[in-house]
Amino acid sequence: MGRLEMHGAHPTETLELRVRELRQLFNSLDPTPFLNKDLDRACEVFIENWALSLPHDRCLHLTIHVEQLPETGDARELVAGAVHNHYAYKIELVRGELRQLLRLGRLSLAVGLVFVIACLLLAEALASVLPGQSARIAHESLTIIGWVAMWRPVQIFLYDWWPLKGRIRVFENLRQARVSVVQANTARSDHPIM
């Protein structure tokens with residue numbers, strides 16, 4: 001399934017897939033030309049799960065064993081172009097998600113800060129109007145409510161953007177992966193069949 005090799009300074013991880021024919025790799029409902037086709041969902045998930053489990057500094061190599069190679073055209077060039085285009089497109093999608101998330105984070109931060117300030121000002125005002133213990137309870141409650149409003153921007157800026165950056169790195173690795181298409185040895189069947 002996967003194996004580690006050394007090519008130059010960076011280790012290379014290889015994923016080997018086996019298909020009967022090349023069209024199994026791609027979404028059959030996608031009407032676009034071959035080079036712009038989406039990968040088949042099961043194939044895409046399989047490749048991405050493999051790539052996500054690897055260190056980011058690894059070079060990737062996909063070897064596709066095909067039982068029925070097409071008679072015409074350079075299969076390796078077509079498949080490599082289609083895989084690279086697919087992951088270039090996915091990089092742009094995830095970058096768009098990241099931009100939208102950071103925009104939401106900035107908006108949430110602005111709203112949260114205004115709300116915290118309003119709560120703290122109201123807490124101070126109530127402390128001067130309400131007697132003893134009631135003033136303390138109102139002050140503490142409004143302070144807590146104000147800081148709870150900051151939960152969403154804090155979550156976005158501390159945690160939510162990291163997974164998206166990680167996916168971009170993985171997709172970038174897949175966009176640059178070496179792709180080989182070889183005639184399958186029908187006697188051997190130790191590579192996953194898609």
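**Salt bridges, core and surface of a predicted protein chain**

The side chains of K90 and E44 meet in a salt bridge, with 2.9 Å from N to O; the term is used here for a side-chain nitrogen of Lys or Arg within 4 Å of a carboxyl oxygen of Asp or Glu. The structure is a predicted model, in which local features need pLDDT of at least 70 and side-chain atom pairs count only at pLDDT 80 or more, while totals for chains, interfaces and linings use all residues. Residues are numbered from 1 along each chain as its sequence is written, and side-chain values use heavy atoms, with hydrogens and water left out.

K90 lies in helix α2 and E44 in helix α1, so the pair ties together parts that are 46 residues apart in sequence. Helices (H or I, at least four residues) and strands (E, at least two) are DSSP runs, numbered from the N terminus. Are K90 and E44 buried or exposed? K90 is buried, with a relative accessible area of 13%, and E44 is buried as well, at 7%. Here, buried means under 20% relative accessible area, exposed means over 50%, and partly exposed covers the range in between (1.4 Å probe, protein chains only). The pair also belongs to a network of salt bridges that links R41, E44, E48 and K90.

By the rule given above, the count of salt bridges comes to 11. Side chains of opposite charge can pair when their charged atoms come close. Among the salt bridges is that of R58 with D57, at 3.9 Å from N to O. R58 is buried, with a relative accessible area of 18%, whereas D57 counts as partly exposed at 46%. The side chains of D160 and R152 form another salt bridge, at 2.9 Å from N to O, and R152 is partly exposed, with a relative accessible area of 27%.

Of the 194 residues in the protein chain, 36% are buried. Taking contact to mean heavy atoms within 4.5 Å, residues 24 or more positions apart account for 78% of the contacts with a separation of 6 or more.

What does the interior look like? The largest nonpolar core has 35 residues, and those with the most contacts inside it are L25, I47, W50, V79 and L174. Such a core is a set of buried Ala, Val, Leu, Ile, Met, Phe, Trp, Tyr and Cys residues joined through side-chain atoms within 4.5 Å. At least two residues of this core come from each of β2, α1 (41–52), β3 (59–66), α2, α4 (151–175) and β4 (178–183). Helix α2 gives the most to this core, with 10 residues. In soluble globular proteins, nonpolar side chains tend to be buried together. Leaving aside residues up to four places away in sequence, L174 touches I47, E48, W50, A51, L60, V83, H84 and Y87. E48, one of these partners, is also a member of the salt-bridge network.

Two polar side chains are worth a look too. R18 sits in strand β2 (residues 10–19) and is buried, with a relative accessible area of 4%. Its side chain joins that of E67 in a polar contact of 3.1 Å. A polar contact is a pair of N or O atoms within 3.5 Å; within protein, one must be able to donate a hydrogen and the other to accept it, and residues adjacent in sequence count only if both atoms are side-chain atoms. H86, placed in helix α2, counts as buried at 5% relative accessibility. The side chain of H86 reaches the backbone nitrogen of L39 at 3.4 Å.

L109, L113 and F157 form a nonpolar patch on the surface, with about 220 Å² of accessible area together. Patches are made of residues with over 30% relative accessible area and no salt bridge, with like charges joined within 9 Å and nonpolar side chains (Val, Leu, Ile, Met, Phe, Trp, Tyr) within 5 Å. L113 is found in helix α2 (residues 75–129) and counts as partly exposed at 40% relative accessibility.

Key:
Areas by Shrake-Rupley, 256 points an atom, 1.4 Å probe, with all protein chains shown as cover.
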